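Student: I am new to this structure. Please show me how to read it.

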Amino acid sequence: MTQQTLVLIKPDGLKKSLTGNILTRLSETKLDIVAAKIIKVSRELAERHYILLKDKPFFNELLKYLMGEYHKKKVMALVYWGEDAINRVRAICGSTNPEEADPVSIRGAYGRITTKGIYENAMHASTNEQEAEREIKLWFNPDEIIAELYPTKTVKEQVERRVWA
Ligand code: TYD
């Protein structure tokens, strides 16, 4: 089944110069990258991304981690598309807990648990189709993705926006 999935290279991955290594590992999936960008993550975006974990005791620390307060204030977001994309990316990504993850997976190789108990696991990958849709729509506008993944509509807006001077 053809699917799409959201990948984030988290601030620890960027700080440790792991972008190239992680993208090289993900190329083993033979999936297509259909969107990519670097983002400074706001609290609102971090909260919405991890909304399902809002009652966890580590939620606030998790937000700070995703916002880059402990590393660099940026995240690389990508959409991978192709056959069985969600499971193929999750398999190379490895388990949530980096100490339990397969040592040759990305999280097993590059992740760690901080003294505050946060799993710094270098990357995020969507867990199922419903979450992938919610997350891709949260991180990307339709025009930032070169494939037609979900239905769109056109709206007329008069908004001020910044252009090159
Ligand atoms: P979760 O969505 O459960 O896992 P995954 O990222 O594998 O889909 O958790 C989101 C992030 O929260 C996870 O990548 C790391 C962090 N986390 C902790 O810091 N401690 C924990 O006990 C758990 C379960 C997650």
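Student: How far does a polar side-chain atom of R90 lie from an oxygen atom of the ligand?

Tutor: This is a predicted model, in which local features need pLDDT of at least 70, side-chain atom pairs count only at pLDDT 80 or more, and totals for chains, interfaces and linings use all residues. Residues are numbered from 1 along each chain as its sequence is written, and side-chain values use heavy atoms, with hydrogens and water left out. A polar contact is a pair of N or O atoms within 3.5 Å. For R90 the distance is 3.0 Å. T96 has a polar side-chain atom 2.5 Å from a ligand oxygen, and for N121 the value is 2.8 Å.

Student: How much of the ligand does the protein bury?

Tutor: Accessible areas come from the Shrake-Rupley method with a 1.4 Å probe. The ligand taken alone exposes 500 Å², and the protein buries 80% of that.

Student: Which residues are around the ligand?

Tutor: A residue counts as near a molecule if one of its heavy atoms lies within 4 Å of it. Among those around the ligand are K10, Y50, F58, R107 and Y119. The shell divides into six nonpolar, three polar and three charged residues; Tyr counts as nonpolar, and Lys and Arg as charged.

Student: What is the strand order in the open sheet?

Tutor: Strands are DSSP runs of E, at least two residues, numbered from the N terminus, and two strands pair if DSSP finds at least two bridges between them. The order of the four strands is β2-β3-β1-β6, with antiparallel pairing. The edge strands, β2 (32–39) and β6 (123–125), each pair on one side only.

Student: How many bridges join β1 to β6?

Tutor: Three bridges join them, and I9 stands opposite M123 in β6.

Terms used
A polar contact is a pair of N or O atoms within 3.5 Å; within protein, one must be able to donate a hydrogen and the other to accept it, and residues adjacent in sequence count only if both atoms are side-chain atoms.
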